[in-house]
Amino acid sequence: MTATPILRLRGIEKSFGPVQVLHDVAFDVHPGEVTALVGDNGAGKSTLVKCIGGIHPFDGGEYWFEGERVQVHSPRDAAAMGVEIVYQDLALCDNLDIVQNMFLGREKRRGLVLDDATMEEMAARTLEGLSVRTVKSIRQQVSSLSGGQRQTVAIAKAVLWNSKVVVLDEPTAALGVAQTAQVLELVRRLADNGLAVVLISHNMNDVFAVSDRIAALYLGRMAAQVKASDVTHSQIVELITSGRSGDLGLVHTNGATP
Ligand SMILES: Nc1ncnc2c1ncn2[C@@H]1O[C@H](COP(=O)(O)OP(=O)(O)OP(=O)(O)O)[C@@H](O)[C@H]1O
């Protein structure tokens with residue numbers, strides 16, 4: 001674990017028209033760690049992640065990356081820094097195979113022709129690096145994959161580009177028990193490989209199974225950002241439902257790094 005956050009947000013404010021959704025949000029993300037982002041429906045998790053990914057411009061606040069203040073105006077800006085977001089819909093094309101999906105929109109070319117051999121080799125190397133053995137062939141069409149395999153492909157696609165921060169929006173939401181376990185193992189492996197991983201989840205078992213830190217949003221405010229080992233399930237549930245925990249001695253508010 002490292003003390004220096006790779007991504008640091010301070011004072012983030014975001015409104016949609018007259019409705020303010022994020023209020024003075026602080027959020028730190030560390031390399032080599034899984035940071036769970038939790039909060040009730042409508043707490044602002046997706047909005048915060050879309051601000052991180054450059055989809056929503058925020059109205060005020062500071063975005064720091066690798067110790068420098070940055071301006072992120074588009075998903076392209078975020079991707080250029082190494083920030084990738086895997087949204088719940090996964091944005092995979094059913095009629096294409098795994099390699100084609102992993103390079104969709106960022107195909108490698110040799111002159112005017114697609115460089116299929118290089119793409120296939122890079123895709124295979126990435127999946128191997130993540131110890132993914134659940135897919136039979138990388139030339140398999142995505143339509144034939146299970147939910148867990150699809151999630152795996154979407155995650156592999158995100159890490160293919162030397163990404164440094166990967167945000168996963170509810171990666172186990174639609175999965176059964178065995179597939180959930182596989183995806184959680186993969187999430188942990190990403191962090192163990194040095195990536196900073198942000199995991200949005202409503203499932204406290206998943207959160208405590210893989211997370212190093214937990215950030216709880218309540219009505220658009222960061223109620224607390226704590227080390228997972230410092231809190232109990234019920235304290236996190238309390239933070240999610242009421243924005244505070246009875247035992248405040250264990251809670252570090254305002255996103256400050258404990
Ligand atoms: N594009 C938008 N325009 C207007 N309001 C929005 C927009 N996107 C989100 N909101 C509002 O912002 C608030 C936070 O929504 P957000 O989707 O960020 O919450 P969430 O924590 O991700 O919830 P969930 O767990 O249900 O996905 C909600 O009240 C939502 O209605």
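Select helix H4, residues 116–129. Helices here are DSSP runs of H or I with at least four residues, strands are E runs of at least two, and both are numbered from the N terminus. H4 has 14 residues and reaches 20 Å from its first C-alpha to its last, close to the 20 Å expected. That expected span is 1.5 Å times one less than the number of residues.

This is a predicted model: local features need pLDDT of at least 70, side-chain atom pairs count only at pLDDT 80 or more, and totals for chains, interfaces and linings use all residues. Residues are numbered from 1 along each chain as its sequence is written.

Now pick Met119, Ala123 and Leu127, the buried residues of H4. Buried means 20 or more other C-beta atoms within 10 Å of the residue's own, exposed means 12 or fewer, and C-beta atoms are placed from the backbone.

Step past H4 to Ser131, where phi is positive, near 55°.

Next, the ligand. Select the residues around it, including Phe16, Val21, Asn41 and Lys45. Strand E2 (19–29) and helix H1 (45–52) each supply at least two.

Notes. A residue is near a molecule or strand if its C-beta atom, placed from the backbone, lies within 6 Å of it.
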